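This report describes selected features of a protein model, from helix packing to individual residues. Please consult the sequence and the structure shown here while reading.

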Amino acid sequence: MKLRRSLLLLATLLPLGSVALAQAYPARPITIVLGSTAGSATDGLARAIAAEVTKSSGQPVIVDNRAGAFGGIAAQYTAHAQPDGYTLFMTTNTTQSANPHLLKKLSYDPIKDFAPVALLARGYLALVVNPKVKANNVAELVALAKSAPGKLNYGSGSSSAQVATELFQQSTGTKFTYVPYKANPPAVLDLVGGQIDLMIVDLTTSLPQVKAGKLRALGISSATPSPLVPEVPPIANSLPGYEFGYWNALYAPAKTPAPVVQRLSELMRDALAKPSVRQAIEKSGQEVAFAPPEELAKFQLSELERWGRIIKAAGIEPE
């Protein structure tokens, strides 16, 4: 009887303990670790969110840039941090969906080493060509590519740009020649200069050149028109089912207490509603796309499977 009463008392106290833990968090500064450099789109988003969470929580939020190894350095560092909610990982599909299929060895497990906190934003890419390319829309580009397989070349300085173009080729039965770059900005400069013919690349990098008349945008990789560039039609209009994007999300180390994860998710949701954060997201060429922990977990699994399928079909070998 005593044991039963003790168990009942414990069951009653556990929820109260969880509430108390969530209410007490955060009690000291929080660090958001990034796998990108200062000045990058993810860095801008992280700093805008950090400023708002600092205001709402009363605790400083510090951004720690640990670039390198395609985000792997930051991922490994956060994976081995104390699971107390004070060291977090803001990242993209590169570390959580692409790297497992593009790299032979990973210093972290994108599923087992992290607790999903919140999906923050989603972005799409523009299919852009040098003006010398005799194609004014997706259908004309496909016809041109099929008339001379491999003649047109494309540049890529990121996993998103490369895999998006590989998906386009798979979907249309076309063949481009791949020209690798260390980053997208220099690839776009070569595209403007005519050294390469086309790219499917993030809006932040490509749209300034489109607006300046130095590149021609044939389509966007979202399934429906984007409010950021309503004049650019979806690639899916000519290629039904084509959709490809990139995303930003926040993670904590695995085994971080659930009440802390939930509190963090709420802080992210509130921060995303602030004008300063929305402006940072739009500036990065993305749209607000909040999702709580359980939804982010399902989304990441589907993305991991999707990237693997595309990469395998394209014959891309892990490096």
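## Packing of two helices

Helix α2 (residues 41-57) packs against helix α10 (residues 275-283) at an angle of about 175°, and their axes are 9 Å apart. Axes are lines fitted to C-alpha atoms, for helices over the stretch in contact, and angles run from 0 to 180 degrees between N-to-C directions. Helices (H or I, at least four residues) and strands (E, at least two) are DSSP runs, numbered from the N terminus. The helices α2 and α10 are therefore roughly antiparallel to each other; this term applies to angles over 145 degrees, whereas those under 35 count as roughly parallel, 65 to 115 as roughly perpendicular and the rest as oblique.

On the α2 side, the contact (heavy atoms within 4.5 Å) is made by Gly44, Leu45, Ala48, Ile49 and Glu52, and on the α10 side by Ser276, Val277, Ala280 and Ile281. These contact residues divide into 6 nonpolar, 2 polar and 1 charged. Ala, Val, Leu, Ile, Met, Phe, Trp, Tyr, Cys and Pro count as nonpolar, Asp, Glu, Lys and Arg as charged, and the others, Gly among them, as polar.

## Basis of the model

The model is predicted: local features need pLDDT of at least 70 and side-chain atom pairs count only at pLDDT 80 or more, while totals for chains, interfaces and linings use all residues. Residues are numbered from 1 along each chain as its sequence is written, and side-chain values use heavy atoms, with hydrogens and water left out.

The structure holds 1 cavity of 30 Å³ or more, and about 40 Å³ of space lies in the largest cavity. On a 1 Å grid over the protein atoms alone, a cavity is a set of points where a 1.4 Å probe fits but cannot get out; a pocket is an open set with protein on both sides within 12 Å along at least five of seven lines, and lining residues have an atom within 4 Å of a point. Grid points are joined across faces, edges and corners, and a volume is the space filled by probe spheres set on the points.

The lining of the largest cavity consists of Ile30, Ile32, Ile49, Ala50, Val53, Val61, Leu88, Leu264 and Met268. Elements that give two or more residues to this lining are β1 (30-34), α2 and α9 (258-272). The largest share, 3 residues, comes from α2. By class, the lining comprises 9 nonpolar, no polar and no charged residues.

## Largest pocket

The largest pocket contains about 1500 Å³ of space. It is lined by 50 residues, of which Thr94, Gly157, Ser158, Ser159 and Asn184 lie nearest its centre. Helix α4 (residues 93-102) gives the most to this lining, with 5 residues. The lining of the largest pocket divides into 18 nonpolar, 27 polar and 5 charged residues.

## Buried strand residues

Leu34 lies in strand β1 and counts as buried at 0% relative accessibility. Buried means under 20% relative accessible area, exposed over 50%, and partly exposed in between (1.4 Å probe, protein chains only). Not counting residues up to four places away in sequence, Leu34 touches, among others, Thr42, Val63, Ala74 and Met90.

Leu218, in strand β8 (residues 216-220), is buried at 3% relative accessibility. Its C-alpha atom is 8.3 Å from that of Ala135, although Leu218 and Ala135 are 83 residues apart in sequence. Gln286 is found in strand β10 (residues 286-291) and is buried at 1% relative accessibility. The C-alpha atoms of Gln286 and Tyr246, 40 residues apart along the chain, are separated by 8.7 Å.

## Backbone exceptions

Most residues other than glycine have a negative phi, and most peptide bonds are trans. A cis peptide bond, with omega about 0°, joins Tyr25 and Pro26; Pro26 lies in the loop between α1 (2-24) and β1.

Ala69 has a positive phi, near 55°, and is placed in the loop between β2 (61-65) and α3 (72-79). Phe70, found in the loop between β2 and α3, has a positive phi of about 55° although it is not a glycine. Ala69 counts as partly exposed at 48% relative accessibility, whereas Phe70 is exposed, with a relative accessible area of 55%.
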